[in-house]
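Below is a walk through one protein structure, from the inside of the fold to its surface. Keep the 3D view open while reading.

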Amino acid sequence: MSAHTEAPTVNEPTIGTPSSVWRVRRDAWDFLRYAAKQLASDTSGPQNSKLQSEVRRLLRVLEAIEMYWAMPGLAFVERLREKAEAGDYRDVLELSTTASCSLPGTQKEGEADQQAGRLRRDGHGLTRDGRPKFEVLVIDDTTGQDQENFKEEMRNRRRAGDDFLYELNVVPSFEDAIVAILLNPDIQACIIRPGFKSTTSRRLGRDLLKFLDSFIDGVPDEAQPVRRILTLAERLADLRPELDLYLMAGVSIERVAGALTQRFSRIFRKDDTLELHLSLLAGIAARHDTPFFTAVQHHSRKPTGVFHALPISRGSSVVNSKWIQDMGEFYGLNLLLAETSATSGGLDSLLDPHGSIKEAQTLAARAFGSKKTFFVTNGTSTANKIVHQSIVAPGDVVLVDRNCHKSHHYALVLAGARVAYLEAYPLDKHSFYGAVPLENIKKMLLDYRSAGRLDEVKMIALTNCTFDGIVYDAERVMAECLAIKPDLVFLWDEAWFAFAGFHPIYRRRTAMAAARKLENDFNDPAYAQRHASQARVLHDPVTRQPVGDEQWLKTRLLPDPARTRLRVYATQSTHKTLTALRQGSMIHVFDQDYGNLNEEAFREAYMTHTSTSPNYQILASLDIGRRQAELEGYELVQKQTDLAVSVSQAIAQHPLLRKYFRILSGTDLIPEAYRQSRVPSPLREGLAAMEEAWRLDEFVVDPSRFTLDIGRTGVDGDTFKHKYLMNEFGIQVNKTSRNTVLFMTNIGTSRSAVAYLIEVLVKLARTFEESTTEMSTRARKSWEGQVEALTMQPPPLPDFSHFADRYRTTPSTPDGDIRTAYFDTYKQDGTAYRTPAQLRQQIAAGKEVVSASFVTPYPPGFPVLVPGQVITQGILDYMTALDTREIHGYNPDFGFRVMAEPEADQHGA
């Protein structure tokens, strides 16, 4: 590709970081309206010259941005410039107000039909229309009248009965197309016409230039038209796979259809605009379709006589009641009309779907990139149990992160697995763990290979991303593990990562995207050649046996594509990060052996853990949430990450906030050995920096959440959460540690909410400042001791000790029979309680003390002890140092529940 146009000088407006353009654009239109209002009311005021200068500057900013939007668009900005240059500021005010109200999310008092931003262009401006609207990007270097003729012809194809409205925006080059779909989330379809250029003539900011350089390897020249078209289509699909792609060709389309059909929804001749118009609408309709939500709506409108269970169905037990009519008033009649029993008919069955639920799950599989998707109505805890039970049989070895959600531990008890716990790297200073290094995983697999037990290892379960936002390179983890064990099954707990599939950089680290990437790699002959070359190095040429484990550990392993089977499962709490009612979750499956090895077992596990009375409102919300994710997920995820970064920037720039608070960066959360990019906070440096880190680093930090270090306030995390954030200001957070508070933005976070959070933090910082200023000498010394304890004296995080010998298979491998240990506690007099002091005495005397329970302090929320695990002094030291009010599995009156000694105990369970 030819060289880019050089970045402009600082005085020349340009497009900066793509993730923040939505804010810049919104603010520019709002500020323009404000300036025009002032000028329209007083053209002779003392600020006239400055305001006119500001209007010119804002118009230059909008000219750089609006090229990539059809509405209001570049032509609209040029018209505003003409009005401003003529001094017609009343017209500038009217036009800028109309444009500002057209932006997504804008609300203007008294204009309800503008609240959804549903406007469409007429010949001169913007008019209101109640139908959903979207934009179509046309990549073609046609200019002047030819371009206007094409736009006009497409406008003429519209009909009053169309369900959706769209506007065309034409860009001339490959690079402009990439920039447009990065910046403009309103684009839902792309039309490629073969005459596009390679590079843009626009001046771009450094971040965009760097991103383009890293993303675009090169565009074939004009002598290779089919390859040029395919390359552009592939790049567009890589960034936003939900887009509908169409090709309009002027040559004999029959000759190119075979080579191009796979990449395009349809191919048209240039004069076939009616079919193109209908296809654009049909493509949106396919994503807009919500089969089950629609079925529930239709069911709620049908007159029905209920002679079945569920008195609340149709609202009968509520609307006719003298005492609970307020329930109907609060929740609304539609919710009650939609309630029905799965066995009463009229709607599909979750346990045996053949109609609208099956269709909804198929659409979800398309949206999330899986081969199959299943809805779950009682949370990801149940989703995890379903997957474990369907894959794992008693005696199978499962590798699992000890810090995973408790549902995995209990699922392994139920399945009868032999559990080998993996250790994540500790963040002692902040009292929580990171993620499990790939080297640890490989070493454990190689240890099982050396012990002759690799065939017993069935599955590995990891959390991606972790509660604290540490994200794995799922593709690399799976590839290197499969190089050691080609049939290993993967369960990725993506409870907090459902949104990630709808952003081009996040997506590559999701389980489903990584599985599809590996599948494509395994079908590439060049990949097989690379594997063969590596295999010759990793195996003895005479015996064909693997060389020493050290060589395998330090090599980035490539699996054998001829032997490897991709068996990947992901569980997601849709309700946590996308739109769905509480407990709405999904299981995504990318299992090449699902039909042969797991379909029946999965069905039985699904039957075991799924209620025969599922909540249909949860199912309907999963269906509607999928629609939203496909149509506006990219826009919403882009905004939530940008808002999180804006909080980080605000804290870093405010002197008083900096004194008491600090946002932990990748440098704090990820050891240097796992950060090849060396960028502490990638997205703060720009989209290109984020892309580099997420491509290169073993672990990255999800920029949509931020961990606030509060150690310098002298207040522990639990107190800070409850006393200050929740009780005083009504701010909800999910997780704390001894000296941190985790904040998470989501697709519903607003700029107002972010502003309120910053305002609250400033108020708290002022409170702490005033308090420390007025302290007595004794009080200050006490406060300084609290600060030191929170910042300099963290309790060391305990490693998993080991299972007691009676629950282990061999001394050389770490797995333990957690099921047997769990059910040993059911025996009469099988357990006893011991206080921490008693345990210390027994351990000091050399006695082995075995936990009979899961012991889980909140925070940090992971089991410090599991049934069958040996209790050590280090674990007791950690528990003593914890200052948390909630510890599951620990009785403050009696102490720890342990496996009983032979002699009777008065506290025996």
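A residue counts as buried when its relative accessible area is under 20%, as exposed when that area is over 50%, and as partly exposed in between. The model is a predicted one, and these cut-offs sort its residues in what follows.

Arg-453 forms a salt bridge with Glu-456, and the closest N and O atoms of the two are 2.8 Å apart. Glu-456 has a relative accessible area of 27% and is therefore partly exposed. This pair belongs to one network, in which salt bridges that share partners join Arg-418, Arg-453, Glu-456, Asp-815 and Asp-817.

How many salt bridges does the count come to? The count is 50. One of them is between the side chains of Arg-25 and Glu-66, with 2.7 Å from N to O. Is Arg-25 buried or exposed? With 5% relative accessibility, Arg-25 counts as buried. Glu-66, at 0% relative accessibility, counts as buried too.

Another salt bridge joins the side chains of Glu-152 and Arg-155, at 3.1 Å from N to O. Both residues are in helix α5 (residues 144-156), and because they are three residues apart there, about one helical turn separates them. An α-helix has 3.6 residues a turn, so residues three or four places apart point the same way. Glu-152 counts as partly exposed, with 39% relative accessibility. Arg-155 counts as partly exposed as well, at 26%.

The largest nonpolar core has 138 residues, and the members that touch the most others are Tyr-68, Ile-139, Ile-192 and Leu-236. Helix α26 (residues 616-653) supplies the largest share of this core, nine residues. Which residues surround Leu-236, leaving aside its neighbours within four places in sequence? Leu-236 is in contact with Ile-139, Ala-177, Ile-178, Ile-181, Cys-190, Ile-192 and Leu-245. Apart from the largest core lies another core, of 71 residues, which includes Val-436, Leu-445, Leu-664 and Leu-839.

Helix α26 also holds Thr-641. At 1% relative accessibility, Thr-641 counts as buried. Not counting residues up to four places away in sequence, Thr-641 touches Tyr-506, Leu-683, Pro-703 and Ser-704.

Leu-95 is in helix α4 (residues 89-102). Its relative accessibility is 12%, so Leu-95 counts as buried. When neighbours within four places in sequence are left aside, Leu-95 is in contact with Phe-76, Arg-79, Leu-80 and Lys-83. Leu-95 and Gln-640 are 545 residues apart along the chain, and 29 Å separates their C-alpha atoms.

Two helices show how buried residues can be arranged around an axis. In helix α11 (residues 291-301), the buried residues are Pro-291, Phe-292, Val-296, His-299 and Ser-300. These residues lie on the same side of α11, because they cover an arc of only 165 degrees around the axis. What covers the buried residues of α11? The cover includes α14 (333-337), α15 (356-368) and α26.

The last stop is the surface. Phe-330, Tyr-331 and Leu-335 form a nonpolar patch there, and together they have about 350 Å² of accessible area. Phe-330 is found in helix α13 (residues 325-331). With a relative accessible area of 64%, Phe-330 is exposed.

How values were computed. Residues numbered from 1 in each chain as written. Predicted model: local features only at pLDDT ≥ 70, side-chain atom pairs only at ≥ 80, totals over all residues. Heavy atoms only, no water. Core = buried A, V, L, I, M, F, W, Y, C linked by side-chain atoms within 4.5 Å. Buried < 20%, exposed > 50% of the residue type's maximum accessible area, 1.4 Å probe, protein only. Helix = DSSP H or I, 4+ residues; strand = E, 2+ residues; numbered from the N terminus. Contact = heavy atoms within 4.5 Å. Arc of directions from axis to C-beta. Salt bridge = Lys/Arg side-chain N within 4 Å of Asp/Glu carboxyl O. Patch = residues over 30% accessible without salt bridge, like charges linked within 9 Å, V, L, I, M, F, W, Y side chains within 5 Å. Areas by Shrake-Rupley, 256 points an atom, 1.4 Å probe, with all protein chains shown as cover.
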